[in-house]
Every structure is written in structure tokens, then in C-alpha cells.
Amino acid sequence: QVQLVESGGGLVQAGGSLRLSCAPSGRTSSSYTNAWFRQCPGKEREFVARMSWSGSSTYYAVYANSVKGRFTISRDNAKNTVYLQMNSLKPEDTAVYYCAAADRLYNSYGGSTSYEYTYWGQGTQVTVSS
């Protein structure tokens, strides 16, 4: 059973930056995808970014249009931690951010809906003030 522990949320002014971390444990698959989603009160969970890994190789980083060019998903192999670097934050980025994982690779298509992911973190609040 994979467990995901997130950290790094907080309050930041518009134009600022935050880095979210997701530390998975209990993983057994050598090929998998990590993703970030976000959710505002009363709204559906929204895809933010995802990237697939096989061993130490990375594949197919995909971003939502709303964050492309501002957010970057990455992984530190030594720390076994996935990051979401968020720059040029806007008030509309305010949400609870969730880390998710699936035991499969995605190519340039797929992996952008919540039902495709089996494992989820507890969520971390990001608030961007104007």
C-alpha cells in the first residue's frame, strides 16, 4: 500500500512562489506516475500536473493550461520525493493541493483525471492573497 505525505503549503502574496513536496512510501512498482491536483470549495478536483517515471528515467511531464510555464513537477531520486514548484502565483491558484500516484506509465495522453489514480495524499492548503 502506497502512502503519500504532502507538505509545503501556506499563505503567499500574488507573484510569489511555493514548493510543495510529496513523499511516497510503500511503493513496489518500478514504473509509476505522480500527479498534482487541486480543489476549491464546492468545485471538482482539478488536474494540475503529472509525470511518469520508470526507474531513474522520467517521461511525459504534462501540465494544465492554467499553470503551464509557471509550475514545474520534478522528483529527487535520492530523497524519493516529488515536488511541485509554483511560481508567479495568482489568487486563482488558491486551493487544497493533493498529491496522487498510479502504478503505471502515461505517455502524452491520459493521466489527467482523478479516477486514474489509486493513491492520494491528505492535501495541503495553498492560499494566494491579492
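Among contacts in the protein chain between residues at least 6 apart in sequence, 58% link residues at least 24 apart. The model is predicted. The chain has eleven strands and zero helices.

**Overall build**

- Read along the sequence, the pattern is β-β-β-β-β-β-β-β-β-β-β.
- The radius of gyration is 14 Å, close to the 14 Å that the globule rule gives for 130 residues, so the chain is as compact as a globular protein of that length.
- Along the principal axes, the C-alpha atoms fill a box of roughly 40 × 30 × 25 Å.
- Of the 130 residues, 42% are buried.
- The chain exposes about 6600 Å². Carbon and sulfur atoms supply 46% of that area.

**The nonpolar core**

- The largest nonpolar core holds 35 residues.
- Trp36, Val48, Phe71, Ile73, Leu84, Met86 and Tyr97 touch the most other members.
- Elements that give two or more residues to this core are β3 (18-25), β4 (31-39), β5, β7 (71-76), β8 (81-86), β9 (95-102) and β11 (124-129).
- Strand β9 gives the largest share of the core, six residues.
- In soluble globular proteins, nonpolar side chains tend to be buried together.
- Now take isoleucine 73. Leaving aside neighbours within four places in sequence, its contacts include Trp36, Ala49, Met51, Val82 and Leu84.

**Serine 52**

- Serine 52 lies in strand β5, which covers residues 46-54.
- Its relative accessibility is 0%, so serine 52 counts as buried. The cut-off for buried is under 20%.
- The side chain of serine 52 makes a polar contact with the side chain of threonine 33, at 2.6 Å.
- The side chain of serine 52 also reaches the backbone nitrogen of tyrosine 106, at 2.9 Å.
- Not counting residues up to four places away in sequence, serine 52 touches Tyr32, Thr33, Ser57, Thr58, Tyr59, Tyr60, Arg104, Leu105 and Tyr106.

- Strand β1 spans residues 3-7, and its side chains alternate.
- Leu4 and Glu6 point to one face and are buried.
- Strands β1 and β3 run antiparallel, joined by five bridges.
- Serine 7 stands opposite serine 21 in β3.

Notes. Residues are numbered from 1 along each chain as its sequence is written. This is a predicted model: local features need pLDDT of at least 70, side-chain atom pairs count only at pLDDT 80 or more; totals for chains, interfaces and linings use all residues. Side-chain values use heavy atoms; hydrogens and water are left out. Helices (H or I, at least four residues) and strands (E, at least two) are DSSP runs, numbered from the N terminus. Buried means under 20% relative accessible area, exposed over 50%, partly exposed in between (1.4 Å probe, protein chains only). A polar contact is a pair of N or O atoms within 3.5 Å; within protein, one must be able to donate a hydrogen and the other to accept it, and residues adjacent in sequence count only if both atoms are side-chain atoms. Contact means heavy atoms within 4.5 Å. A nonpolar core is a set of buried Ala, Val, Leu, Ile, Met, Phe, Trp, Tyr and Cys residues joined through side-chain atoms within 4.5 Å. Two strands pair if DSSP finds at least two bridges between them. The radius of gyration is taken over C-alpha atoms; the globule rule is 2.2 Å times the number of residues to the power 0.38. Accessible areas come from the Shrake-Rupley method with a 1.4 Å probe; for residues, only the protein chains shown count as cover.
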